[in-house]
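Biologist: I have a chain open on my screen. Can you walk me through it in plain words?

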Amino acid sequence: MATRTSALTAFMVKELRHILRDRQTLLILLLLPLAMVVLFGYALRSDVRNVRVVFVDPAPDYATAALRARFAGNGRFRVLGAAPTMAAVEPLFHRARADVAVVFEPGFAAHLADGTPARLLLVTDAADPNTSATMQAYASAVITGYQSELAAATSARGGGRGGVQIVPETRMRYNPTLESVNLFVPGLIALVLTLITALMTAISLSREKERGTLEVLLVSPLRPWQIIVGKVLPYLALAFANVLTALLAAWAVFHVPFRGSLLLLLLASLVYAMVGLSLGTVIAARTTSQRAAMLAAMTGTMLPSTLLSGLIFPIASLPGWLRPVTYVVPARWFIQVARGIMLKGAGVPQLWEALLVLLVMLAVLMAAAIRSFKARLA
C-alpha cells in the first residue's frame, strides 16, 4: 500500500513539474479564468446605459430646450446634439452612432401653451431588438415625467390638469418586428469566420510545428510569405464558403432582410477572414505548443468576439474603461459592417471607417505574421 502511495505521489509530482515547465500554458490557464470572470461580469448586464440620443428640432423654443435638458440630466442618456432636419440624423443611424432620435414638430411650445396636443416622434434603431424597446421605454419615461411637471405647474397656477398634452409617436427603424434573429445572424457570421480562420489556423500551424514538419521548410526555396499563403489559403477558401452558406441560411431559413450590396459584404468578409488568418498565424508563431496556441486563440479571439464586439450586448452599455478595448477587436468592426449592409442598406459612404479599420488591422497583422514566421524559420 505504501509503495502504491509513493508511486502515485511521484507521478503527481512529475505531472506538476511538467505543467510548471510549460510556462506559456500555465500563464494562460491562470489568466483565462480571470479574464472570463471579469469580461462576463461586466458584459453580462441586462440594463442599458449610455443611450445615444439626438434631437431634430426645426424650431427650437423653451419647451424643446427644457425637454432636451431633461434627457441630458438623465443618467441613462448621452445627448449627441440637435439638427434641424431628420436628413442630418440619418448618417448617424447608418453608422450606428445614434440609438434614439427625438423629432419635435414646429411650434411645440405654442401647442403646450394653447392646450392642444404637442406631438413628437421617437425614432429608435431596432437593429438590436434586445435593447431597442428598453431604450424607447426610457425615452418615453423622460417625456412623461416632463409632461407631469408641466401639468403640476399648470394646476398650481389654476389652469387645471388637462391642459398639457404631449403625444409621442414611436417608430422602430430597420427591424420593426423586433426579430432577434436579425440581430444575431450577422454577428454569427463573424463568429464562424473567427472560428475557421484564427482558431483553426493557430491550432493547425502549431500542430505541425510540434511534429517537426515545419522544419522541412527550412531547406525549401519558398519565402516566408509564400509559406504563409500556402498554409492559410485553404482556410480562406473554407471561410469564404462558410460565408456563402451562412448568408443562404439567413435568407432561406431565417428570412433575415438583405438591403445592401452583396458584393460589398463578400469583400468585407474576405478582408475580415484574412485578418483572422493573420492573427492565427501570429499566435501559432508566438506559442510553443498546440495546447498553448489553442488557449491563446480562444482567449484572444473567441472570447472578445463574443463579449466585446456588440454581438450580444451593446458596446455602449459596457463600462467606460472597457469600451476602448473594443476598438482592437476585429469582430466589432465586421459586425458593424454586416449589420449595416444587411439591415440598413448602408454602403461605403456610411461604413468606410469600419472598413478602413479592418484594412489597417490586416496590414499590421499580416506584417507581424510574416515577421514572426520568418524569425521562427530562422
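Biologist: What share of the contacts with a separation of 6 or more is between residues 24 or more positions apart?

Modeller: In the protein chain, 77% of those contacts join residues 24 or more positions apart. Contact means heavy atoms within 4.5 Å. This is a predicted model: local features need pLDDT of at least 70, side-chain atom pairs count only at pLDDT 80 or more, and totals for chains, interfaces and linings use all residues. Residues are numbered from 1 along each chain as its sequence is written, and side-chain values use heavy atoms, with hydrogens and water left out.

Biologist: How many helices and strands are there?

Modeller: The protein chain has 12 helices and five strands. Helices (H or I, at least four residues) and strands (E, at least two) are DSSP runs, numbered from the N terminus.

Biologist: And how much of the chain is buried?

Modeller: Of its 378 residues, 44% count as buried. Buried means under 20% relative accessible area, exposed over 50%, partly exposed in between (1.4 Å probe, protein chains only).

Biologist: Which residues touch the most other members of the largest nonpolar core?

Modeller: L193, L247, V256, Y272, F334 and V337 do, in a core of 50 residues. A nonpolar core is a set of buried Ala, Val, Leu, Ile, Met, Phe, Trp, Tyr and Cys residues joined through side-chain atoms within 4.5 Å.

Biologist: Which helices each supply at least two residues of this core?

Modeller: They are α7 (181-211), α8 (224-252), α9 (262-286), α10 (290-307), α11 (330-344) and α12 (348-377). There is also a second, separate core of 25 residues, which includes F71, L120, V164 and I166.

Biologist: Back to L193. What does L193 touch?

Modeller: Not counting residues up to four places away in sequence, L193 touches A198, A239, V243, S269, Y272, A273 and F334.

Biologist: How do α7 and α9 cross?

Modeller: Their axes come within 8 Å and cross at roughly 30°. Axes are lines fitted to C-alpha atoms, for helices over the stretch in contact, and angles run from 0 to 180 degrees between N-to-C directions.

Biologist: Why do α7 and α9 count as roughly parallel?

Modeller: Angles under 35 degrees count as roughly parallel, over 145 as roughly antiparallel, 65 to 115 as roughly perpendicular and the rest as oblique. The α7 and α9 axes cross at roughly 30°, so the two helices are roughly parallel to each other. Among the residues making the contact are L193 and T197 of α7, with Y272 and A273 of α9.

Biologist: Is T197 buried or exposed?

Modeller: T197, in helix α7, is buried, at 0% relative accessibility. A polar atom of the T197 side chain lies 2.4 Å from the backbone oxygen of L193. Beyond its neighbours within four places in sequence, T197 is in contact with A239, A273, G276 and L277.

Biologist: New topic. Where does T64 lie?

Modeller: T64 lies in helix α3, residues 62-73. T64 is buried, with a relative accessible area of 0%. Its side chain makes a polar contact with the side chain of D57, at 2.8 Å. A polar contact is a pair of N or O atoms within 3.5 Å; within protein, one must be able to donate a hydrogen and the other to accept it, and residues adjacent in sequence count only if both atoms are side-chain atoms.

Biologist: Last one. What is Q336 in contact with?

Modeller: Q336 is in contact with R95, L351 and A354, leaving aside its neighbours within four places in sequence. Q336 sits in helix α11.
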